[in-house]
Amino acid sequence: MEAQKYIYHGDKLTDPELKKKVCIAVRKSNGKCIRGRNGNFLVQFIESGRVTVVIGRLLRKVKGT
C-alpha cells in the first residue's frame, strides 16, 4: 500500500518548522492510520523524519498520490 501524503497547515501555536510541510501517516500493521479519539493523527514529516501527533483537521491531502 502506498503511503498517503498530506500537507500540514498548522495554527498560530505550531512550530514554524512544521507549517506547510509534507508528511505521511504512520500506519498500524493492518494498514490503518493511527488516529486518536479526539481527532489527532500520528504523522511523520518527510524532510526532517520527525514523528509527531498533529490535529487531523489541519491536514490536507496532496493531489495525485
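Leaving aside its neighbours within four places in sequence, with which residues is Val53 in contact? The points below take up this residue after the overall fold.

1. Basis of the note. This is a predicted model, in which local features need pLDDT of at least 70, side-chain atom pairs count only at pLDDT 80 or more, and totals for chains, interfaces and linings use all residues. Residues are numbered from 1 along each chain as its sequence is written, and side-chain values use heavy atoms, with hydrogens and water left out.

2. Overall fold. The chain has 5 strands and 0 helices; helices (H or I, at least four residues) and strands (E, at least two) are DSSP runs, numbered from the N terminus. The order of elements from the N terminus is β-β-β-β-β. The chain is as compact as a globular protein of 65 residues, because its radius of gyration of 11 Å is close to the 11 Å of the globule rule. That radius is taken over C-alpha atoms, and the rule is 2.2 Å times the number of residues to the power 0.38. Along the principal axes, the C-alpha atoms fill a box of roughly 35 × 30 × 20 Å.

3. Of the 65 residues, 26% count as buried; buried means under 20% relative accessible area, exposed over 50%, and partly exposed in between (1.4 Å probe, protein chains only). The chain carries 15 positive and 5 negative charges, whose mean positions are 10 Å apart. Lys and Arg count as positive and Asp and Glu as negative, without His and the chain ends; each charge is placed at NZ of Lys, CZ of Arg, CG of Asp or CD of Glu.

4. Strand 3 and its partners. Strand 2 (residues 21-25) runs antiparallel to strand 3 and is joined to it by 3 bridges; two strands pair if DSSP finds at least two bridges between them. Ala25 has Val43 as its bridge partner in strand 3. Strand 3 also pairs with strand 4 in the antiparallel sense, over 5 bridges. Here Phe41 stands opposite Val54, and Gln44 has Val51 as its bridge partner.

5. Strand 4 and Val53. Thr52 and Val54 form the covered face of strand 4, while Val51, Val53 and Ile55 form the uncovered one. Val53 lies in strand 4 (residues 51-55) and is exposed, with a relative accessible area of 51%. Beyond its neighbours within four places in sequence, Val53 is in contact (heavy atoms within 4.5 Å) with Asn40, Phe41 and Leu42.

6. Positive phi values. In the hairpin of strand 3 and strand 4, with 5 residues between the strands, Gly49 takes a positive phi near 75°. Lys20, in the loop between strand 1 (5-8) and strand 2, has a phi near 60°, a positive value in a residue other than glycine. Most residues other than glycine have a negative phi. Lys20 is exposed, with a relative accessible area of 56%.
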